[in-house]
Amino acid sequence: SILTEAPESKKARVTYEEVGGLESEIRAMREIVELPLRHPELFSRLGVESHSGILLYGPPGCGKTLIAKVLASESEANMYSINGPEIMNKYYGETEARLRDIFKEAKDNSPSIIFIDEIDAIAPKREEAYGDVEKRVVAQLLALMDGLTDRGNVIVLGATNRPDSVDPALRRPGRFDREAEISVPNADGRLEILQIHTRGMPLSDGIDLRELASELHGYTGADIKSLCREAAMKAIRRYLPKIDLETDRIPAEVLETMEVKLVDFYD
Ligand code: ATP
């Protein structure tokens, strides 16, 4: 196998519950990704082809990768990840062969999702940014996508922060012909994301997540996740003086009193 790791969906089960906000995006993605992966017979019965490529776009840290993982997991599909800049640089000269291998592996182990992060690095728009190598790589990617004729078995999700800089040739019918914007969450979305990332935390009394969410204007999912982790680290630092680090186990009494303030991040 060319893959050194197990396909990601085999590693961890992630559910739609892990995604805050983005309800309508998820609803749309379930229809165009989960449905054909799980029930390709629906599409063949009606004589239509499902979408083989979907472009997710939006600022970093808002859940493009997360959604791909969740879709793979919930569709019980294998997920193969390609990082645009990495495959262009690290495998320089072997990029096309590597793409072919991944597509083949995904097909052999279908249903599969191929996730291409930062796809603009593989297929930039400006013709002048293209050398011969880049041209060949884009042509290879397009040929591989055109070859995904088995309905529903393999779906390619491309992600980019800059949809305008993706080669328009990629956005034609039969290729990435659906797009979904994954944008910065609003206050309701931020609340859901806060709830997700504090689910296992003993929060101190009086923390109003809704109020906090309303104050976090402009925070992405990734920002909120790191805010929660930082608050937990602050809680740990607050308790450190009470903890004898030489002891094998931290006493239950100490663990029980620990709480995360969350407002700590204002310090
Ligand atoms: P990039 O463009 O940097 O790849 P991305 O949009 O793919 O960004 P993710 O990698 O999915 O962002 O987000 C990073 C982490 O932030 C996720 O693993 C998740 O824990 C958290 N996160 C982001 N968005 C959300 C969300 N909508 N709900 C819950 N958690 C989120």
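**How many residues surround the ligand, and which are the closest?** The shell holds 18 residues, with G20, G61, K64, T65 and L66 the closest; a residue is near the ligand if one of its heavy atoms lies within 4 Å of it. Before going further, a word on the model: it is predicted, local features need pLDDT of at least 70, side-chain atom pairs count only at pLDDT 80 or more, and totals for chains, interfaces and linings use all residues. Residues are numbered from 1 along each chain as its sequence is written, while side-chain values use heavy atoms, with hydrogens and water left out.

**View 1. The whole chain, to get your bearings.** The chain has 11 helices and 5 strands; these are DSSP runs numbered from the N terminus, helices being H or I with at least four residues and strands E with at least two. Along the principal axes, the C-alpha atoms fill a box of roughly 60 × 40 × 35 Å. Of the 267 residues, 44% count as buried. Here buried means under 20% relative accessible area, exposed means over 50%, and partly exposed is in between, using a 1.4 Å probe and protein chains only.

View 2. A backbone N or O atom of G61 lies 2.7 Å from a ligand oxygen atom, and a backbone N or O atom of G20 sits 2.9 Å from a ligand nitrogen atom. Taken alone, the ligand exposes 630 Å², and the protein buries 81% of that. Those areas come from the Shrake-Rupley method with a 1.4 Å probe; for residues, only the protein chains shown count as cover.

**View 3. Who makes up the shell.** Helices α4 (64-74), α8 (187-197) and α10 (221-239) are the elements that give two or more residues to the shell around the ligand. By class, the shell has 7 nonpolar, 7 polar and 4 charged residues. Ala, Val, Leu, Ile, Met, Phe, Trp, Tyr, Cys and Pro count as nonpolar, Asp, Glu, Lys and Arg as charged, and the others, Gly among them, as polar.

**View 4. The loop between α4 and β2.** Two residues to look for in this loop are E76 and A77. E76 is exposed, at 57% relative accessibility, whereas A77 is buried, at 2%. E76 also has a positive phi, near 50°. A77 and I155 are 78 residues apart in sequence, with their C-alpha atoms 9.8 Å apart in space.

View 5. Most residues other than glycine have a negative phi, and most peptide bonds are trans. The bond from S110 to P111, though, is cis, with omega near 5°. P111 belongs to the loop between α6 (95-108) and β3 (112-117). E118 lies in the loop between β3 and α7 (132-146); its phi is positive, near 50°, and it is partly exposed at 35% relative accessibility.

**View 6. L42 on helix α3.** L42 is part of α3, which covers residues 40-46, and is partly exposed, with a relative accessible area of 42%. The C-alpha atoms of L42 and A222 are separated by 36 Å, and the two residues are 180 apart along the chain.

Note on methods. Polar contact = N/O pair within 3.5 Å; in protein donor to acceptor, adjacent residues only side chain to side chain.
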